[in-house]
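Here is a friendly walk through some local features of a protein model. Please take a look at the structure first.

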Amino acid sequence: MSRPPPAHRVLWPDGTSTPALPPSGHAHASLAERLADAGRPLNTRCGRHGLCAGCTVRLEAGKFLGQDGSLWSAPAEIKACQGRLAPDGEATVSVPSRSLATHRPQVVTTFKVGVPAADEPLVPVVPDVSDHGLAIDIGTTTVVVSLVDLRSGTIVREEASFNRQIELGDDVVTRIQLAGQPGNLAILRDAIVGRTLTPLIADVCAGADVAPHRLAGATIAGNTTMLHLLTGTDPTPMGVVPFRPAFLGHRVMTAAEIGLPTPPPAMPVHLLPGISAYVGADLVAGAICTGLNHCADSCLLVDVGTNGEILLMHRGRLLATATAAGPAFEGGRLTRGTRAAAGAVAHVRFAGDRFIPEIDVIPPARSIVGICGSAYVDFLAQGRRIALLNPAGRISETAWQAIPDGHRHQDKEHRGVRLNAREAATLVTESDIAHLLQAKAAIAAGILALLRRAGITPADVRTLYLAGGFGLHLDVSHAIASGLLPGFRPDQIDVVGNTALGGAWLALIDRTVLPEMIATSTNADVVELNLELGFEDTFIDQLSLP
């Protein structure tokens, strides 16, 4: 006669409790995963990588097994994403209200800093008069504003939202083209200044109860196109050969000149320096935040996005490139693709070696709205593992016949599979796979081109820093297995989060950082992939699944 599983009890902030947390479908599920499966997700804003404290709970009784082999005994503060309750005994955890998931855009505000910082702000500080600053990351898709207490360097509040320019165009190339049409440059500028930054700055100050007149300065990281549109500068020369931006260097403008009404009009706003038209200040900020610019051997920084930006530091030489991955990894142009948001399928697994899908959906979700990029990468890797997909990304005939009827989909235009037989929003078609393979091939070929230019292989790289929101939510093993990060090992990958925001924060709190950024931006060698010998052949090779 089998013994019943031990009781794992959860105490909630409203005074209620779950006397016996249901077991998970897989034995090594973290506590955060079990709570999410039970319909009570925690604030795992860093993608369950242990980079934030959002899912911290209190172990009141029992033991907790950490993923790193550590054993915690009550009482203790633990990160629920980083281990599981001991399976051989009873345990009780209490969840504070701050650790519960709330409905907000899936925008990454977490970053890992790999360098020390001095307590010497970029702008003058007068306590209780002008003693706060803003560190801002303007991404193509999302924008984050951090309010920083310049007396301590502490981030006291963050606000984030989608960049309202996404209503006009998914990627930088589309927006560059739009800006060339009469009247559109002003519309694009208003979308970022008036409809995105202005409410975010007002909200972050109000939420922290800090009067806007106490703002002493701001730093802004972003790709080169975003900084052009922010300042109302025509970006169209970057859309044609030889891709020349109007500016790349560090610029200082006032809040009034940019058009921000909330801060003091004369508040200085520092636009951080970039490297080229398609390798911007966001990557320079990331190089400083991770410490890549001080790497003594070989290190990579990869930001997988619509405009995949890549930096390689090899024995004191910095190489930079960008590759047009397109919007597929953000769900763009895919049958059921969506950006990461509540209701999106975030991860998929196949049990054993058969087509038995298990999916994770971003909470809170009343229904499934689509599939986001991290799940598509899972699908490529897992689909290849179980021989659902052949190397060309097509569904094999043998596998097709074995798929249960409710999961198969075929019409005049598409053949594909549903990850949930009852949910049309979980459909993945062969056409989707083709788009995904082109996106992953662009990133992979860009990485390999830089390595080849330096005369090294993936095995020679000490660390690959995986940056950005998409990278934060990837299953690293699946990114490798799908060929997105070709030839690397999991132990080489360091998931570092939003290093663009991290670099902006460092520049704001430590005045010695900005000169370092300027030096990094001017010392990089830009590799134009369209001129790189062998790049096209490498790209074609990477269109296949390993």
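The report below covers a helix pair, one further helix, the cysteines and some backbone details.

This is a predicted model, in which local features need pLDDT of at least 70 and side-chain atom pairs count only at pLDDT 80 or more, while totals for chains, interfaces and linings use all residues. Residues are numbered from 1 along each chain as its sequence is written, and side-chain values use heavy atoms, leaving out hydrogens and water.

**A helix pair**

Let us begin with helix 6 (residues 281-290) and helix 12 (residues 499-509), whose axes are 7 Å apart and meet at an angle of about 75°. Helices here are DSSP runs (H or I, at least four residues), as are strands (E, at least two), numbered from the N terminus. The two are therefore roughly perpendicular (65 to 115 degrees). On the helix 6 side, the contact (heavy atoms within 4.5 Å) includes Asp282, Ala285 and Ile288, and on the helix 12 side Thr499, Ala504 and Leu506 are among the residues.

**Helix 7**

Helix 7 (residues 373-385) has 13 residues and should span 18 Å at 1.5 Å a residue, which agrees with the 19 Å between its end C-alpha atoms; the expected span is 1.5 Å times one less than the number of residues. Of those 13 residues, 11 are buried (under 20% relative accessible area, with exposed meaning over 50% and partly exposed in between; 1.4 Å probe, protein chains only). Tyr376, Asp378 and Phe379 are among the buried ones. Just after helix 7, alanine 387 takes a positive phi of about 65°.

**Cysteines**

How many disulfides are there by the distance rule? The count is one, where a disulfide is a pair of cysteine sulfur atoms within 2.5 Å. Cysteine 295 is joined to cysteine 299, with S to S at 2.3 Å. Their S-S torsion is about 70°, so the disulfide is right-handed.

| Residue | Relative accessible area | Class |
|---|---|---|
| Cysteine 295 | 6% | buried |
| Cysteine 299 | 0% | buried |
| Cysteine 205 | 2% | buried |
| Cysteine 372 | 5% | buried |

**Backbone details**

The alanine 74 to proline 75 peptide bond is cis, with omega near -5°, and proline 75 sits in the loop between strand 5 (71-73) and strand 6 (76-79). Valine 241 and proline 242 are also joined by a cis peptide bond, with omega about 10°.

Aspartate 209, though not a glycine, has a positive phi of about 55°, and at 70% relative accessibility aspartate 209 is exposed.

Technical notes:
Axes are lines fitted to C-alpha atoms, for helices over the stretch in contact, and angles run from 0 to 180 degrees between N-to-C directions. Angles under 35 degrees count as roughly parallel, over 145 as roughly antiparallel, 65 to 115 as roughly perpendicular and the rest as oblique.
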